[in-house]
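Visitor: I have a model to look over before I set anything up. Can you walk me through it?

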Amino acid sequence: MELLTLPLGPLGTNCYIATDTAGTAAIIDPGGDAEIVLQALATKGWRAGHILLTHAHFDHIGAVAELCSALNVPVALHALDLPLYRSGGGGRKYGLTFEVGPDPEVALDDVGTITVGATTFEVRFVPGHTVGHVAFYAPEAGAVFSGDVLFEDGIGRTDLPGGSYERLMLSIREQLLTLPDATAVYPGHGPATTIGRERQLNPFLAAD
Ligand SMILES: [Zn+2]
Ligand SMILES: [Zn+2]
């Protein structure tokens, strides 16, 4: 897997472009600045396969509409985050409005895996930050895209609508900490880390 990390949009949210060897790309959480994504694809000579959304907060979906019209790619999102997606990802209360993308074509509660080109991602349901949050785990690459659930030395906030601290901790323990220690964690914000590092050093996990 070849991977590009692009901090995009109003909060500099990590957008990941992950490709197979043939250059078919999964665009994970494009939060804004669609032109930067389009430029990166053009520079690399990659083809967009799917847009994968870990969840529907505005800072993860802001470029979806533009990318869909430019690339004509399907969007995948868990059905429980669809109302949040349609309402603009909770950005309105911060004055952040943008054109919302078309309804997702892939409802992730119906599929245990999603395949983009030659890459198969396991869909891991990890609610607690939002009600329909998922993580995308690529076992062959040893990588998990964790959205706003697990960060280096941090966990997702649970004070937003649909948040639950207990549910978030359960999601992390059952769906993420069960992955091998060497698994790379690519979060929605901040640097990449590993499951092993967070298991040992993350203060929110140690205290529990
Ligand atoms: Zn979020
Ligand atoms: Zn975020």
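**Metal sites and contacts**

Visitor: What spacing do the donors of the zinc ion (ligand 2) follow along the chain?
Guide: Along the chain they run D-H-x87-D-x40-H. Donors here are N, O and S atoms within 2.8 Å of the metal (3.2 Å for Na, K and Ca), and water is not among the atoms, so sites may look incomplete.

Visitor: Before we go on, what are the ground rules?
Guide: This is a predicted model, where local features need pLDDT of at least 70 and side-chain atom pairs count only at pLDDT 80 or more, while totals for chains, interfaces and linings use all residues. Residues are numbered from 1 along each chain as its sequence is written, chains are lettered from A and ligands numbered from 1 in the order in which they are written, and side-chain values use heavy atoms, with hydrogens and water left out.

Visitor: Which residues are the protein donors of ligand 2?
Guide: Asp59 (OD), His60 (NE2), Asp148 (OD) and His189 (NE2), lying 2.1 to 2.3 Å from the zinc ion (ligand 2).

Visitor: And what's the geometry of that site?
Guide: Irregular, with angles of 88 to 158 degrees among the four donor atoms. Four donors count as tetrahedral if all angles lie between 85 and 135 degrees; four count as square planar and six as octahedral if opposite donors are over 155 degrees apart and all others between 65 and 115; anything else is irregular.

Visitor: What's around the zinc ion (ligand 1)?
Guide: Its protein donors are His55 (NE2), His57 (ND1), His129 (NE2) and Asp148 (OD), lying 2.1 to 2.3 Å from the ion. That site is irregular as well, with angles of 90 to 168 degrees among its four donor atoms.

Visitor: Which residue bridges the two ions, and how far apart do they lie?
Guide: Aspartate 148 bridges the zinc ion (ligand 1) and the zinc ion (ligand 2), which lie 3.6 Å apart. Histidine 129 lies in the loop between strand 8 and strand 9, and aspartate 148 in the loop between strand 10 and strand 11, so the pair ties together parts that are 19 residues apart in sequence. Helices (H or I, at least four residues) and strands (E, at least two) are DSSP runs, numbered from the N terminus.

Visitor: Is aspartate 148 buried or exposed?
Guide: Buried, at 5% relative accessibility. Histidine 129 is also buried, at 3%. Buried means under 20% relative accessible area, exposed over 50%, partly exposed in between (1.4 Å probe, protein chains only).

Visitor: Changing topic: how many salt bridges are there in the whole structure?
Guide: Seven. A salt bridge is a side-chain nitrogen of Lys or Arg within 4 Å of a carboxyl oxygen of Asp or Glu. One of them joins lysine 44 and glutamate 2 at 3.0 Å, N to O. That pair links distant parts of the chain, helix 1 (residues 34-44) and strand 1 (residues 2-8), 42 residues apart.

Visitor: Last one: in what order do the six strands of the open sheet come?
Guide: The order is 7-8-9-10-13-14, with mixed pairing. Strand 7 (113-116) and strand 14 (193-194) stand at the edges with a single partner strand each, so one side of each is left without a neighbour in the sheet. Two strands pair if DSSP finds at least two bridges between them.
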